[in-house]
Amino acid sequence: MSAMENLPLDKHPIDNGLLRFLTCGSVDDGKSTLIGRLLFDTKTILTDTLTSIERTSQKRGMEAVDLSLLTDGLQAEREQGITIDVAYRYFTTGTRKYIIADAPGHEQYTRNMVTAASTASLAIILIDARKGVLTQTRRHSYLAHLVNIPHLIVAVNKMDLVNYDQAVFEKIRTDYLAFAEKLGIGDIRFIPMSALNGDMVVDRGQHLDWYNGPTLLDVLETSPPAHNETVEKFRFPVQYVCRPQDSANPELHDYRGFMGLIESGMITVGDEVTVLPSGLSTRVKSIEICGEKLTHAVSEQSVTILLADEIDISRGDMIVKTCETLEPKKQFEAMVCWLSEQPMDRARKYLIRHTTRETKAMVAGIEYRVDINSMEWEPAEKLAMNDIAKVAFKLAQPIFCDPYSENRGTGAFIVIDESTNNTVGAGMIL
Amino acid sequence: MTVLTKQTLSHLDWLEAEAIHIMREVAGQCSNPALLFSGGKDSICMLRVAEKAFRPGKFPFPLLHVDTGHNYPEVIAFRDRRAAELGERLIVRSVEDSMKRGTVVLKHPGESRNKHQSVTLLEAIEEHGFDCCIGGARRDEEKARAKERIMSFRDEFGQWDPKNQRPELWNLYNARSHKGENIRAFPISNWTEMDVWQYIEREKLELPSIYFAHTRKVVIRQGAIVPVNVPLTSGELTNQPKAGETIVDLQVRFRTVGDISCTAPVESDADTVEKIVLETATTTITERGATRLDDQTSEASMEQRKKEGYF
C-alpha cells in the first residue's frame, strides 16, 4: 500500500488544493479591475453584488460597470477613495480554491504589502503598459523577493491602450529582466493583458494573437500551491499539550498528546525525534487527528503526536527529526520590516514571537537600512514605519530557527511591544 | 517506500488545519477564552474543528450563546443537545435579560435584535472575564469582514478600529491583551459559504432542520420571503401578515440563522446537504443579500456595528 492512501485527504474527485497569492500595484495600474475581472470571469460575483456596483457605477456617471468597485471595502476608504489595509478575497475554479491578498501599492504602505506577501506563494506584479517598469515596480518586486515568494507573474496590463503592440510588451520584459537578474528573482512569467476587456485574464480574448503563452488563470491553476517545493526538514513547534488525565478511562490516564501544525517536512510513525530545547530523543509512537490514526503526516497538517518515552514537553518546545536537529540561538541577524508608527527604540526591550515561542529581545545593532526605491543600503540609527533594515538581535531565551530563505515557518518572527501588545515588526532570519 | 516530495492538501484539509491551528493558538495564548455557539451552520463547523483540535481532551473553553430570544425552538433544542452530546459547558446569556436590565433599549418592539447582541456579549465578557471570544465569522460574508484580522483586537469598549488593526503576518498570531480588553478570534475567516457546506457534507455534520427545504407559510414583502406567524422562543408570534398580503405555502430553507424575525429563507427544494452544496454552487445571490433583512439598511451597516462591538 502506498503511503498516499493513508492520508486523510478529502475524497473530492478533483481538488488541486488552495493557492494564496498577492496582487501588487496601485489603482492606476488597474489592479482592482484585474481582481474584479478574475472574480467576474470565474463567476464568483453574484447578482446582488453586481447590481449594487452597477448602481454605484451609474451614480458616478460611468457607462460600463466599474469592476474595481468590487474590491472597495470600508466606508472610511470609500469616502477618501483609498485602500487602507490588506483585504482578502476568495474565488474558486471548481478545481482549486484561491485566496487573494490585496494590498495597496502606495509607498507608505510597505508594511501592508509585506503583511499580504507573508502568506502568499505567488505574486502578481502589475505594470501599466503605457508606463513600463517604474520605481514602484522595482519596490514591489524587491518586497516580494524579500518575503521570498517563489513565483512571480508580471502582468503587463492596459495593453488595449498601446494598441496591443507586441514591441511594447517585449521592451517591458527586457527592462524588467535586467533588474530582476540583479535581485536574483527566480521564476518569473510575463503576460500581456487587458483586465478592462478581459484579454488573457481568464479568457484569451480577441486582441493578443501574437501571444502564445498561458493566460493568467492558466498559470494560477498550474502553479504549485506549496510555498517551498524542495524537501524540507521536519519542524513541529508544540502549540498545546493534551493531557486528559481521565482516571476513569485507563487508555487516557497516561495520554500525553503534543499538538501543533507541521511547519515543514514530513513525519512517520517510528521516526526518531529530538525535543528542543531539552535535547532528549525518543520515537514517534503515534500520529493522530481526533482519534484517527495516521501512518505519517506532512507539512501544513495540524496533528497530535504521541511519543514512545515520557519526556517533559510544553508549549514553545519544538520536535524535530534527530538527524536534522537544530542548535539553540541567542543572537541572530534578520531583515526586519518595521510596522509601527512608533519608531523602533534601541534602548527598549521587545518581545519576539517565533513559532510558538516568545522571548524578550533587544536590538544589538542596525547594520543598514534599505532604500526600497533604489535598493541601496544606508546607515540608520532607528527605524520608522515601513523601513526595511538588517538588524542584529540578542535574546533572553534561545530560539530554534532556520534561515528564512530555507524555511518560512521557522525563519520568521514578529516583534511585539509589550506596553501596547501591538505587533510592531516583522523579521526574516538570515 | 514511496518518496513524497510534496503532498498537496485538499482545500478543505488545508482550511481545517488552519482553523485547528488558530484554535490551539487561542488555547495557548489566552487564559480565559470562550467559543461562540449559536446552533448555526458556521458554529457547528467550529465545534467539529474544536473536536479535531482538542480531543481526546476537553475543550479548553466553554461554549457561549448570546441568545436574541428570536429563535426557532428547534435551533435552541439543537444547541442544547449538541452541547450535551459533546459534554462541554454551555453558557447562555440573553438579549432579553439585557432588556430587563435596561442596557438594551429597542426603538420599537419589532426591531432586529441582531445589533443588540453586542451589548449582551460585552456584558457576558465582563461577567466571566473572557479575554478571547472565538467566533465563526467569515471574510466572504461581508466587505467589512474582508479586512478584519483572524485575531482581532477590541478595546475596553469592545470596539473594532479598522484603521488601527494589528498587522498579522505568516501564521504568527498575536492574541495578547491587557485586562479589560479582549480578542475576537475567527478560525474560519478564510472559509466561504461553499467551503462550509462542503465541510458539513464531508464531516457528515448534523444541522437544525430549518436549514433544509421545508414547507412554510410566508408572504412576499418587498421582494423578500417573510415567514409569518412564527412562534419564537421568547413566546412572541413574529411577522404577522400586513393588510393586503397573501399568505402562501412555499418550499423554503434558511441559509443563515440569527434574529429569526429578520432572517428570510430562500425558495429551495434542497432537502439534503448534497443538494444544498449543488445549489450553493449555482446560486446567483450572496448569503447576506438573500437573507439578512437588516444588513441592507445602510451600505456600511456591518462596519458600523463591528465598531460598536458586534461580532
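**Exercise 1.** How far apart do the C-alpha centres of domain 2 and domain 3 of chain A lie, and which residue classes make up the side of domain 2 that touches domain 3?

*Solution.* In this predicted model, the centres lie 30 Å apart. The bounds, from an automatic or database domain assignment, are 235-324 for domain 2 and 329-429 for domain 3. Domain 2 of chain A gives eleven residues to the contact and domain 3 of chain A gives eight, a contact being C-beta atoms, placed from the backbone, within 7 Å. On the domain 2 side, five residues are nonpolar, three polar and three charged. Here Ala, Val, Leu, Ile, Met, Phe, Trp, Tyr, Cys and Pro count as nonpolar, Asp, Glu, Lys and Arg as charged, and the others, Gly among them, as polar.

Residues are numbered from 1 along each chain as written, with chains lettered from A and ligands numbered from 1 in written order. Local features need pLDDT of at least 70 and side-chain atom pairs 80 or more, while totals for chains, interfaces and linings use all residues.

**Exercise 2.** What is the strand order of the open four-stranded sheet in chain B, and which strands are its edges?

*Solution.* Strands are DSSP E runs of at least two residues, numbered from the N terminus. The order is β8-β7-β11-β12, with antiparallel pairing; pairing requires at least two DSSP bridges. β8 (224-227) and β12 (266-267) of chain B are the edges, each pairing on one side only. Strand β7 (residues 214-221) of chain B joins β8(B) over four bridges in the antiparallel sense. B:Arg221 is opposite B:Ala224 of β8(B).

Definitions and conventions. Two residues are in contact if their C-beta atoms, placed from the backbone, lie within 7 Å.
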